[in-house]
Amino acid sequence: MEATAAALDAAAGVFEERGGLVLQRQGVIEANAELRERELIKLASLSESLADALRERGVDELAARLAAEAAIAVLKVAFRRWVDGSRRPRLRQLLDECFEELRTESARGAVSTP
């Protein structure tokens with residue numbers, strides 16, 4: 001998870017630098033169903049790339065896939081919060097908060113079984 005967090009932190013810097021353009025782009029995507037679908041395909045490709053990078057570092061298949069998918073979920077939630085909050089707080093801070101919440105809830109066993 002730390003490696004995926006570092007990768008997303010680097011990407012967050014680019015988003016933050018281009019804040020106004022990122023918001024404009026997001027508005028266009030949200031207004032167009034085909035672009036929303038394309039965005040989901042990009043996120044799936046990013047997840048695959050993250051998983052590949054983790055496997056190259058010696059992480060087993062299951063752990064790599066789970067970490068990559070979790071990282072994309074964190075990115076989606078943090079990015080939505082960033083966009084909805086007019087880019088306050090910073091995206092990097094929101095990513096950190098989301099990763100921390102995921103760690104906390106995972107450790108606590110947020111999902112209970114009957």
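## Before we start

What you see is a predicted model, where local features need pLDDT of at least 70 and side-chain atom pairs count only at pLDDT 80 or more, while totals for chains, interfaces and linings use all residues. Residues are numbered from 1 along each chain as its sequence is written, and side-chain values use heavy atoms, with hydrogens and water left out.

## The ring cluster

How do you describe a pair of aromatic rings? You give the distance of the centres and the angle of the planes. Rings of Phe, Tyr and Trp (its six-membered ring) pair if their centres lie within 6.5 Å; planes under 30 degrees apart are stacked, over 60 edge-to-face, and the rest tilted.

This structure has two aromatic pairs. In one of them, Phe-15 and Phe-79 have ring centres 5.6 Å apart and planes at 55 degrees, so the pair is tilted. Phe-15 sits in helix H1 (residues 2–17) and Phe-79 in helix H4 (residues 61–84), so this pair ties together parts that are 64 residues apart in sequence. Helices here are DSSP runs (H or I, at least four residues), numbered from the N terminus.

Phe-79 also pairs with Trp-82, again tilted, at 5.9 Å centre to centre and 50 degrees between the planes. Both Phe-79 and Trp-82 lie in H4, three residues apart, or about one turn of the helix. Put together, ring pairs link Phe-15, Phe-79 and Trp-82 into a cluster.

Buried means under 20% relative accessible area, exposed over 50%, and partly exposed in between (1.4 Å probe, protein chains only). Phe-15 is partly exposed at 28%, Phe-79 is buried at 12%, and Trp-82 is buried at 2%.

Glu-16, which is in H1, is buried too, with a relative accessible area of 18%. Which residues does Glu-16 touch, leaving aside its neighbours within four places in sequence? They are Trp-82, Arg-90, Leu-91 and Arg-92, where contact means heavy atoms within 4.5 Å.

## H4 meets H5

H4 also packs against helix H5 (residues 91–108), at an angle of about 135 degrees and with the axes 9 Å apart. Axes are lines fitted to C-alpha atoms, for helices over the stretch in contact, and angles run from 0 to 180 degrees between N-to-C directions.

The contact includes Phe-79 and Trp-82 of H4, and Leu-91 and Phe-99 of H5. Its residues divide into 14 nonpolar, no polar and two charged. Nonpolar covers Ala, Val, Leu, Ile, Met, Phe, Trp, Tyr, Cys and Pro; charged covers Asp, Glu, Lys and Arg; the others, Gly among them, are polar.

Key: Helices (H or I, at least four residues) and strands (E, at least two) are DSSP runs, numbered from the N terminus.
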